[in-house]
Amino acid sequence: MELLIEKGVGSMKEEIGILEARQSQIFEKRSGEEQQFDIACDKTSLSGSVSQRACVFCGSRVVLYPVADAIHIVHGPIGCAAYTWDIRGAVSSGPELHRLSFSTDLQEMDVIYGGEKKLYRSLVELIDQYQPKAAFIYSTCIIGLIGDDIEAVCKKVAKEKGIPVMPVHSEGFKGTKKDGYKAACSALMKLIGTGSTEGISKYSINILGEFNLAGEAWIIREYYERMGIQVVATMTGDGRIDAIRRSHGASLNVVQCSGSMTTLAREMEEKYGIPCIRVSYFGFEDMSKSLYDVAALFPDRPEIMERAREIVRDEIRKYYPEMQKFRSALTGKKAAIYVGGAFKTFSLFKALRTVGMSVVLAGSQTGNKDDYRRLKEMCDEGTVIVDDSNPVELSKFVLEKEADLLIGGVKERPIAFKLGVGFCDHNHERKIPLAGFVGMYNFAKEVYESVMSPVWQFSPRKGGL
Amino acid sequence: MLLRHTTKEVKEREGLTINPAKTCQPIGAMYAALGVHGCLPHSHGSQGCCSYHRSTLTRHYKEPVMAATSSFTEGASVFGGQANLLSAIETIFSVYDPDIIAVHSTCLSETIGDDLQQITKKASDDGKIPEGKYVIYASTPSFVGSHVTGYANMVTGIAEQFAESSGEKKNQVNIIAGWMEPSDMREIKRLSAELGVKIVLFPDTSDVLDAPQTGKHEFYPKGGTTVEELKSTGDSKCSLALGCMSAEPAAIALEKKCKTPFETVDMPIGLGATDRFIMTLAKAAGVAVPDSITAERGRLVDVMTDMEQYFHGKKVALFGDPDQIIPLTEFLLDLGMKPMHIVSGTPGLRFEKRMREILERAPYANFRNGMGADMFLLHQWIKNEPVDLLIGNTYGKYIARDEDIPFVRFGFPILDRIGHSYFPSVGYTGGLRLLEKILGVFMDRQDRDALEEKFELVM
């Protein structure tokens, strides 16, 4: 490990002052030398780090949040409910229960005597008031400590009210955000298989790992439907309990955002024999591939593939001329990527290349070894790969590598702007769809508008005073 | 209609909060600690807490917000978080090199029973705190009080752990800022300078959370009360606490530790509260109020009188935090408006008492704070007795949209507008800004709804 560090990032050591314990999570690709690649990841963050990561609860909350006809009740002190109140922009075409904030708001006495009764009463009140199709109960940190028997409360309420009431074991400290994804998936697993599969065609899929931010799931759904494929359930974008309950009737699971939904796809494969494929809807290349890959699995209906080709042709033709304009302006510009999941970085790599940009920094909060190995294959020479980074590292790399753009989430945005580089939110706060062919166009436009904005000329680093 | 499920009939709920009008203690502690120069807030709990607080503050300020976390794991929650905090302190000083680490607890570390005083003492005994550096702390359990309590607790921690009395009094006055914006703190400093009073303001987030674009990311921006200033607070001739809930506890602690006498005034929002602030400060420092301030006051009164017909009798619903709500309610009454419904998620006897005094002029008002005082209740009240104006943080926009009520954003958090960090709401100038905003939404509404023949050019 020591040797690798010397070879990999040794030269940056002094200028950057990376914490020793962090060095194993940083890698710089070099040519002309045989580089060992052994980036450390899947580690919990070091105590005392200014990490950009969140917790188990956060993972569960983001995955289940878009289910719009269920109530989501956060069992714990008020904060966890307050901070996750309608911050994700996952849109619904109908009910919007998910956009409200429900909390048991535990007080000191509840912590001492337990919060089960309060949870029970809250659930009953809420279900009576809102008549939801189901309820998700999120455990927060202290629930794991005070020992509330959430399962028992959920069972009791489910029986009394006749709707599914699912505990989500998402105590913040019990792992990383990924463990939260798993907890969310096991709550979904409890629903799947409880509905009727009547009327589901052989040519059907579930869309997994698409959360309908800015209406993205609608775009993807429409492509598949145009191909003649029935979409049984989207999980969880614009999600509905009834659709989830019957989703085991679909012939195929199409999984995006590998981190959050792979567990679910795997479990559905085991239990219901539904095969799955991994896709990405970002960028022309990956978007087209995700239509072709699905079509290829229905070979007895060649018209599905024909329609997929038509869609790809029509859509790319529609956006190609504008894309050329962006490309000529952006060619040679450099991007830094720091996002939640590593899978997303692969697509971003390709999408950025489509507009002529190179990637100088690529990192994620929760990537695993395979992800990073694959990332390394895609990288150009000199590209830095980081796992679970912090603002000091990010700023230093953005400046040293002279990036023109940072792609990240809410906490990275102001850092980019302070440094005087463009920014694109590829996280919860995207305001326009970035998925699908139109999404690639939107992405290119957003990147173009941010990178080429005249405001950067006033930044001291770019020549302003 | 996002809130279409809200019923008109108000029923006492048992232990359920719907759309809270508060959040938890630690974020307040984090915000307060950012007002100390060279200080890195540290969240002793799970990683998510720190991430949520930083994200919320970032959304409110559009600024980078730096804070570290103990990153609790299952092990820590079984064996206690001492080891995590000790290694965190080492990591932070060696990597991020702050002058001060301000540790606050969370529901998790409080429930485990971590004793921050004992752990920081151990860190000091073990030599983990470099010479000339500090680790301060505040206990901020999320299941007690609200974000306002957390702010007050951290400000108290700052006062208690830094103030020293040298035995020699200094000709300066401490001003303890209640939870207010960087722009407000800047305005307090400006007003004090205008009065000619030397003050130590703490905490002070101006030049921290309203930092200029420099092409650099300053991990520790230039603002914040310095350690030297904080130490000197024990020698100040007195303290002035701006707000009975978020500032007074620190003043009490300072009095206890250094015998610095104090006076508490309402946060200077609106005419009356600003008058009291100016008079109290002038008296404490033994200075006369200069003409320039009298003129500022005159300008506010001028607009109040010029526009009085637009305010009179207008019904208002407001929600937010105690130290803002108290003077704002008074200001609305001074304008002839009717504060009909008032909600705050923050509990507190001092708050209730002060509100009762102010609401003597408004016996019709619905007021509730603490448990059960949430946005759902506020909405129900509004359905029963409609209002002409809603004032509160960004979360009010759902109610404003569903009920089609003019809405002025004020308080924390504001996630969908800018301005709060740059333009003050305190002082006479701040009063003008509030009036401008209120009049703006009233007149926009009038223009929007006016029939063509009644669509007026001059208003």
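**Note on a predicted two-chain model**

1. Start with Glu315(A). Glu315(A) counts as buried because 20 other C-beta atoms lie within 10 Å, and the cut-off for buried is 20 or more. The residue sits in helix H14 of chain A, which covers residues 302-330. Lys350(A) is 35 residues away along the chain, and its C-alpha atom is 18 Å from that of Glu315(A). Bear in mind throughout that this is a predicted model.

2. Confidence comes next. Chain A has a mean pLDDT of 89. In that chain, 93% of residues reach 70 or more. Residues 1-16 of chain A need care: pLDDT stays under 50 there. For this stretch the model has 16 contacts beyond four places in sequence.

3. With 22 C-beta neighbours inside 10 Å, Cys154(A) is classed as buried. Its helix is H8 of chain A, residues 150-161. Beyond four places in sequence, Cys154(A) touches Ile137(A), Val165(A), Met166(A) and Pro167(A). Phe136(A) is 18 residues from Cys154(A) in sequence, and the two C-alpha atoms are 9.1 Å apart.

4. Now the nonpolar core. The largest one holds 289 residues. Ala336(A) and Leu405(A) have the most contacts inside it. In soluble globular proteins, nonpolar side chains tend to be buried together. Apart from neighbours within four places in sequence, Ala336(A) contacts Val360(A), Leu361(A), Phe397(A), Val398(A), Lys401(A), Ala403(A), Leu405(A) and Leu406(A). Note that Leu405(A) is on this list.

5. Domain 1 takes residues 1-40 and 331-430, domain 2 takes 56-190, and domain 3 takes 204-311. Domain 1 and domain 3 of chain A each give 11 residues to their contact. On the domain 1 side of chain A that touches domain 3, the residues are 4 nonpolar, 5 polar and 2 charged.

6. Chain B is also divided into domains: domain 1 (25-162), domain 2 (170-288) and domain 3 (295-452). The centres of domain 2 and domain 3 of chain B, taken over C-alpha atoms, are 25 Å apart. Their contact involves 26 residues of domain 2 and 29 residues of domain 3 of chain B. On the domain 2 side, helix H8 (182-195) and helix H11 (271-285) of chain B each supply at least two residues. H8(B) gives the largest share of that side, with 7 residues. By class, the domain 2 side of chain B has 13 nonpolar, 7 polar and 6 charged residues.

7. The two chains also meet. Chain A puts 60 residues into the contact, and chain B puts in 58. Several elements of chain A give two or more residues to the side that touches chain B, among them helix H3 (56-64), helix H5 (108-113), helix H17 (391-400) and helix H18 (413-419). H6(A) provides the largest share of that side, 7 residues. The side of chain A that touches chain B divides into 30 nonpolar, 17 polar and 13 charged residues.

8. Strand S3 (102-103) of chain A is one of the elements giving two or more residues to the side that touches chain B. S3(A) pairs with strand S1 of chain B, residues 17-18, in the antiparallel sense over 2 bridges. Ser103(A) has Thr17(B) as its bridge partner in S1(B).

How values were computed: Residues are numbered from 1 along each chain as its sequence is written. Chains are lettered from A and ligands numbered from 1 in the order in which they are written. This is a predicted model: local features need pLDDT of at least 70, side-chain atom pairs count only at pLDDT 80 or more; totals for chains, interfaces and linings use all residues. A nonpolar core is a set of buried Ala, Val, Leu, Ile, Met, Phe, Trp, Tyr and Cys residues joined through C-beta atoms within 7 Å. A residue is buried if 20 or more other C-beta atoms lie within 10 Å of its own, exposed if 12 or fewer, and partly exposed in between; C-beta atoms are placed from the backbone. Two residues are in contact if their C-beta atoms, placed from the backbone, lie within 7 Å. Domain bounds come from an automatic or database domain assignment. Helices (H or I, at least four residues) and strands (E, at least two) are DSSP runs, numbered from the N terminus. Ala, Val, Leu, Ile, Met, Phe, Trp, Tyr, Cys and Pro count as nonpolar, Asp, Glu, Lys and Arg as charged, and the others, Gly among them, as polar. pLDDT is the predictor's confidence in each residue, from 0 to 100. Two strands pair if DSSP finds at least two bridges between them.
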